[in-house]
Amino acid sequence: MNLVAANNFTSFTSLPSSGAKSSEGNIVYERIMDYVEKYNQSIAISGNKRVTNDELCDVYLECKNPNWDGYNAIPVSIEICKAALKFTQALPIDIPAPEVSAEADGEISFEWYQGTKKIFSVSIGANNRLSFAGIDGDEEWYGVSTFIDQISPKVISGIFSIII
Amino acid sequence: MKKLPSSLLEKVDDSEKITRFIIYSRFINKDRNRVKSSAFIPNPSNLQLSVSRICDLSDENIWALSKPVYEIRKKLYGRADIEAHLIRNEKLNVVSSEPPERHANVVGWHNNDGKIQKARHKKIALKLADDAKLVLCSSK
């Protein structure tokens, strides 16, 4: 990881909280996007990943308060958002952008969908834990790994098994 | 057989349709007309998934059940309909839990599985999402 980018992104933690999409929320959003833009430029990432990073900012703003799903979901923390951003940077460059979402336990999920019974999903949570599961026809699998700077081959192969 | 205030039987029949209301836009993909697995991850505080029983209701009355959830964000994107037997196929159960009227919980999620627990939940959520039918809400 580029150190300048990492330092820029650290400032993310000091952003004020606000209601998403309110006028204050828009200001926060613009500031986050500034950081992400610098981050993107500094490591020259692909277009697909840029889309995902923009979405991660939206996910944080949408889900930073409790009960964001109407069923008492846990808020998405800034730490998990940062870990998710690093995760996207570590994805192989030729992997298509996943669908990004939050989950009720405050984790952020990335899902690749190629049709019924051809889906792979991985979530990043506290302590950089990756929980993943996939369905490919009659085959199903699941597992966990820890993400530090590299994504486990089990996760990468799970993604490729769906997108190819 | 015991009846509930809603006049439904307490036991949820295998053939009953239940639904999960969706007020978070990223739980669905409109272009692909599908529900994402993240919509079916249980609440971590009680390992339950809150749903509503929608048998014998008009579409209008089904949407009316969403009111308590809708009030949270004043948004409603759709709902994920699924039959109870498809949930039970995953070794989960659907149990009535009124009030509110027609409320139920999907229970029996893996517990005390340590690090692997979330991954097991994800595998089940993938299958439920794949089986569910997305019904978009066009009026809100």
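**Before you look.** Residues are numbered from 1 along each chain as its sequence is written, and chains are lettered from A (ligands numbered from 1) in the order in which they are written. Because the model is predicted, local features need pLDDT of at least 70 and side-chain atom pairs count only at pLDDT 80 or more, while totals for chains, interfaces and linings use all residues; side-chain values use heavy atoms, with hydrogens and water left out.

**View 1. Here is where chain A meets chain B.** On one side are 41 residues of chain A, and they are in contact (heavy atoms within 4.5 Å) with 30 residues of chain B. The size of an interface is often given as the accessible area lost when the parts come together. For chains A and B, the buried area (accessible area, 1.4 Å probe, lost on being put together and summed over both) is about 3300 Å², with 52% of it on carbon and sulfur atoms. Look for A:Tyr71, A:Glu99 and A:Tyr142: they supply 23% of the area that chain A buries against chain B, more than any other three residues.

**View 2. Now for the salt bridges and polar contacts between the chains.** There are 14 salt bridges between chain A and chain B, each being a side-chain nitrogen of Lys or Arg within 4 Å of a carboxyl oxygen of Asp or Glu. One to find is A:Glu55 with B:Arg26, where the closest N and O atoms are 3.3 Å apart. Which element gives the most to the side of chain A that touches chain B? That is β4(A), with six residues. Helices (H or I, at least four residues) and strands (E, at least two) are DSSP runs, numbered from the N terminus.

**View 3. This one shows the largest pocket.** The space in the pocket comes to about 380 Å³. Nearest its centre, among 25 lining residues, are A:Gly70, A:Tyr71, B:Ser50, B:Val69 and B:His103. On a 1 Å grid over the protein atoms alone, a pocket is an open set of points with protein on both sides within 12 Å along at least five of seven lines, and lining residues have an atom within 4 Å of a point. Points are joined across faces, edges and corners, and the volume is the space filled by probe spheres set on them. β4(B) provides the largest share of the lining, four residues.

View 4. Most residues other than glycine have a negative phi, and most peptide bonds are trans.

**View 5. Finally, zoom in on A:Asn128.** Though not a glycine, A:Asn128 has a positive phi of about 60 degrees. You'll find A:Asn128 in the loop between β3 and β4 of chain A.

Terms used
Buried area is the accessible area (1.4 Å probe) that two parts lose on being put together, summed over both. A polar contact is a pair of N or O atoms within 3.5 Å; within protein, one must be able to donate a hydrogen and the other to accept it, and residues adjacent in sequence count only if both atoms are side-chain atoms. On a 1 Å grid over the protein atoms alone, a cavity is a set of points where a 1.4 Å probe fits but cannot get out, and a pocket is an open set with protein on both sides within 12 Å along at least five of seven lines; lining residues have an atom within 4 Å of a point.
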